[in-house]
Amino acid sequence: HVPLVASWGGSVQPGGSLKLSCVASERGLNRNCMGWFRQFPGKEREGVATIYLGGGNTYYTDSVKGRFIIYQNDARNTVYLQMNNLRPEDTAMYFCAKFLGLVNYDCYSGLRDISKGPRDWGQGTQVTVS
């Protein structure tokens, strides 16, 4: 469907910061959610943060609240994940995703349930905190 291009992460020391970006090939994605999901070795992908492009509502998994910030650009085709105070436990492959969100709640449920709705996925980005 819509290609998603994500920036590469990197390696940082504990307490450091990284900024990830995800760019969609179209603009004005009002009725969509975008966000980041991560995958630990041997486990399924889990939600990190999502944003409702129609209103800017944001949702986070508990472990990153107060440390990560997700936000969008004005064209609503790019989503950023500012990751602060990184911990070794944050080490994972991070994936950008886009999926249908008619209302903000859809982005919350899509964060909690990885299987909700069809999704466009970007390439994985390795984040290593050590």
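User: Why is glycine 35 called buried in this model?
Analyst: Happy to walk through it. In this predicted model, glycine 35 has a relative accessible area of 0%. Buried means under 20%, so glycine 35 is buried.

User: Where is glycine 35 found, and which residues is glycine 35 in contact with, leaving aside its neighbours within four places in sequence?
Analyst: Glycine 35 is part of strand 4, residues 32-39. Leaving aside neighbours within four places in sequence, its contacts are Ala49, Thr50, Ile70, Phe95, Cys96 and Ala97. As for isoleucine 70, 35 residues separate it from glycine 35 in sequence, while their C-alpha atoms are 7.7 Å apart in space.

User: What makes serine 21 buried, with a relative accessible area of 19%?
Analyst: Good one to check! The cut-off for buried is under 20%, and serine 21 has 19%, therefore serine 21 counts as buried. Serine 21 lies in strand 3, residues 18-24. Beyond the neighbours within four places in sequence, serine 21 touches Val5, Ala6, Ser7, Trp36, Val79 and Tyr80, in the sense of heavy atoms within 4.5 Å.

User: Why is valine 103 called partly exposed?
Analyst: Its relative accessible area is 42%. Partly exposed covers what is between buried, under 20%, and exposed, over 50%, so valine 103 is partly exposed. Valine 103 sits in the loop between strand 9 (92-100) and helix 1 (104-112).

User: Which residues make the nonpolar surface patch?
Analyst: Leu100, Leu102, Val103, Tyr105 and Tyr108 make that patch, of about 500 Å². Patch residues need over 30% relative accessible area, and Val103, at 42%, is over that cut-off.

Methods. Residues numbered from 1 in each chain as written. Predicted model: local features only at pLDDT ≥ 70, side-chain atom pairs only at ≥ 80, totals over all residues. Heavy atoms only, no water. Patch = residues over 30% accessible without salt bridge, like charges linked within 9 Å, V, L, I, M, F, W, Y side chains within 5 Å. Areas by Shrake-Rupley, 256 points an atom, 1.4 Å probe, with all protein chains shown as cover. Salt bridge = Lys/Arg side-chain N within 4 Å of Asp/Glu carboxyl O. Helix = DSSP H or I, 4+ residues; strand = E, 2+ residues; numbered from the N terminus. Buried < 20%, exposed > 50% of the residue type's maximum accessible area, 1.4 Å probe, protein only.
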